[in-house]
Amino acid sequence: MKHAPPLALALGLQIPKRPLLASLLILNMLMATRVTLSRSVSPLLLKRAPYPHFTPKRLPKSHPCPLWSSSFSFCLTLLPKPTPTSPPFNSRRPRSSLSMAASAAVDESLSSNPLLRDFDFPPFDVVDASHVRPGIRALLKKLESDLEELERTVEPNWPKLVVPLEKIVDRLTVVWGVVNHLKAVRDSSELRAAVEEVQPEKMKFYLRLGQSKPIYNAFKAIQDSPDWKTLSDAQKRIVENQIKEAVLSGVALEDDKREAFNKIEQERERLSEKFGENVLDATKKFEKLITDKKEIDGLPATALGLAAQTAVSKGHENATAENGPWVFTLDGPSFLSVMQHARNRSLREEIYRAYVTRASSGELDNTAIIDSILKLRLEKAKLLNYNNYAEVSMATKMATVEKAEELLEKLRSASWKAGVQDMEDLKNFCKSQDAPEADDLNHWDISFWSERLRESKFDINEEELRPYFSLPKVMDGLFSLANKIFGIDIEPADGLAPVWNNDVRFYRVKDSSGDPIAYFYFDPYTRPSEKRGGAWMDEVLARSRVLSRDGTSPRLPVAHMVCNQSPPVGDKPSLMTFREVETVFHEFGHALQHMLTKQDEGLVAGIRGVEWDAVELPSQFMENWCYHRDTLMSIAKHYESAETLPEEVFLKLLAARTFRAGSLSLRQIRFAIVDLKLHTDYIPGGSESIYDVDQRVSEKTQVIPPLPEDRFLCGFSHIFAGGYAAGYYSYKWAEVLSADAFSAFEDAGLDNSKAVKETGSKFRETILALGGGKAPLDVFVEFRGREPSPEPLLRHNGLLQVATA
């Protein structure tokens, strides 16, 4: 018999909302996928990431206060400054001179720990592995004391409950966020070891906080009080989220069940961390050294330049793009260049097989880890009185399992015939080119021949377009678009905040009055030896009234955007593929929702508290502007001649937008359905393996079945090391929302600057401004005037006629 979802019974809620602490737990992992708000940059690469929190997620420098404006200042105070009468963390017991000296040394060490300093922006430049253990432990000790004080003095009102709770949550979010972010962008064995050691202690505190009955009872009392109706929408969301979070964190469990729950959560987080590390290590481990020019026939100059640069970093000091040697890896730009352009079919096969079997053998094998994670998730669901983990996941989303499955099936059926036709077109083209593999196309042939067909059909060569998309011009055009639509100005602020790598840029965001309203970091280039793959956005600091310095103006939000695009080679700037341009626009959309929030309640400001299946709306919305003529022409300037992209090329790009749309849609649908199946029907340790599930799903979602040895699941960080477990469908769910949102601009007239500005202002005041303070469906209706329709998405993808038929 199906169990009634306990939260629905307890709260009487019909539209689930994502709780903050659950978001924080995800954020910790995400600031791993941070796959946190992440983005797919190719038909062969997974997105990431993910909202690695993007949340206060997971799902990832000490200067005079630079956040001053005419109305604002902020300084994060983590620990009290030492005073002669009240040194932090000192014992109250009498101590010997020896113990006092030792304690003084410890106090001095802690006071110099950059993680514990007062800072305006995190000291990314000086934090290293040696600071993690003492810094996190000291912070947890302080926060444990703060939590005990909160539980002792709590009252069911905002000042005595929500204000101190937000301070506790925010402090750990910010500091742990620094550590987790550095692990994602500046990984090292020392940092891994330090994080692995303190992570159980951090998780123990999260569980302690989530299972606090005094806090839970206080929130319940607020909900049941006569004053409930006087609360704002945002305040009601906070109360409802916190109650839900407490239930999902095991607050109702007693004794043995709570102990079992906590062990599950500790082990689940450890395994997720290990999963991500294995993927990174497996990616780094593979290297293909080539010395014979014949083997790299077809590869463009940019790919050869990157391969030679990689070879130099591996000890081949005299490597050049022209003469080699060349080193290819499984990192995104390198992998894709081979798949799309290498005429050497055996090279494509070798690298493809390596990619789809990453982390599936030897000491880096993730197979057993996946099964253990799935088993633990199921056990957690049962303890919380759910049938499966998908139901747990959906408790904090817009959709239900049934609604998600219904959407995926509608999109699958609308995409299938188009996908089959895509393959027929590809086979016919190969035959026309007398390709030996025409009658035996395999996975390592698809991208290569798709590129040749695209070039033939639309006369577009993506590599030849690179010179028109230099990173500086792309960013200038993106910022100009943001000004046109949302009325904001973005300016460089390099040097204002410490950074973790010299390539990282820092920007200030100002409103029409000229006052700063937000800041963000941008880390654009791939660094395979230390940086996780994919692209993501995450919060550094969230907007907050409670954390205001002057008691009036809120703390300003700070975000970071991380990509993995081709770096500059020699004296050339980073020359981007069109997909990389779309990726930057995508991540910037996430950042805008965080930075342009007007929500002052910190627990639901920006991306905090936004349902997971709605969080991709702003990011996917921004991608649409890459196909807007004025926008594209403003960024597409040849890096040497400054010549604008020819009009006929733009028209070809527009026509090519729906090229193989059915196949690309089926790919995402495969991932989403596999994810749901693993979290609903799959029985860990049963007769069917995780790979059997994938093969079964692929029968209806892949025109060419996966290889028998395909182990893409071992690299599926979104659901095993990030926040997308039983939630990968969110990309398609949010695509419906984002396409419909963009259609509002189409209805207004994309060439009508006044109408675009008015519609943009409405988008900013609703989708971007309200954060998690209002249910996403209500926010969408407030913007669009009606509930969302899938018609614009199918139309944009060229599938509307197929779906209608």
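Predicted model: local features only at pLDDT ≥ 70, side-chain atom pairs only at ≥ 80, totals over all residues.
Me: What makes the contact between Arg 268 and Glu 265 a salt bridge?

Reply: The nitrogen-to-oxygen distance between the two side chains is 2.8 Å. The cut-off is within 4 Å, and therefore the pair counts as a salt bridge. Both residues belong to helix H9, which covers residues 255-285, and they stand three residues apart, about one turn of the helix.

Me: How do you know whether Arg 268 is buried or exposed?

Reply: The relative accessibility of Arg 268 is 8%. Because buried means under 20%, Arg 268 is classed as buried.

Me: Why is the pairing of Asp 445 with Arg 348 called a salt bridge?

Reply: The N to O distance is 2.8 Å, and the definition asks for a distance within 4 Å. The pairing of Asp 445 with Arg 348 is therefore a salt bridge. This pair links distant parts of the chain: Asp 445 lies in helix H16 (residues 443-458) and Arg 348 in helix H12 (residues 345-356), 97 residues apart.

Me: What makes Asp 445 and Arg 348 buried or exposed?

Reply: Asp 445 has a relative accessible area of 0%, and Arg 348 has one of 1%. Each value is to be set against the limit of under 20%, so Asp 445 is buried and Arg 348 is buried.

Me: How do you know that Arg 208 and Glu 144 form a salt bridge?

Reply: Their closest N and O atoms are 3.2 Å apart. Since the limit is within 4 Å, the pair qualifies as a salt bridge. Arg 208 is in helix H6 (residues 189-210) and Glu 144 in helix H4 (residues 129-153); these distant parts of the chain are linked by the pair, whose members are 64 residues apart.

Me: Why are Arg 208 and Glu 144 called partly exposed?

Reply: Arg 208 has a relative accessible area of 27%, and Glu 144 has a relative accessibility of 23%. Partly exposed lies between the limits of under 20% for buried and over 50% for exposed. Therefore Arg 208 is partly exposed, and Glu 144 is partly exposed.

Me: How many salt bridges does the structure hold?

Reply: The structure holds 64 salt bridges. Arg 133, Arg 137, Glu 197 and Glu 201 are linked in a network of them.

How values were computed: Residues numbered from 1 in each chain as written. Heavy atoms only, no water. Helix = DSSP H or I, 4+ residues; strand = E, 2+ residues; numbered from the N terminus. Buried < 20%, exposed > 50% of the residue type's maximum accessible area, 1.4 Å probe, protein only.
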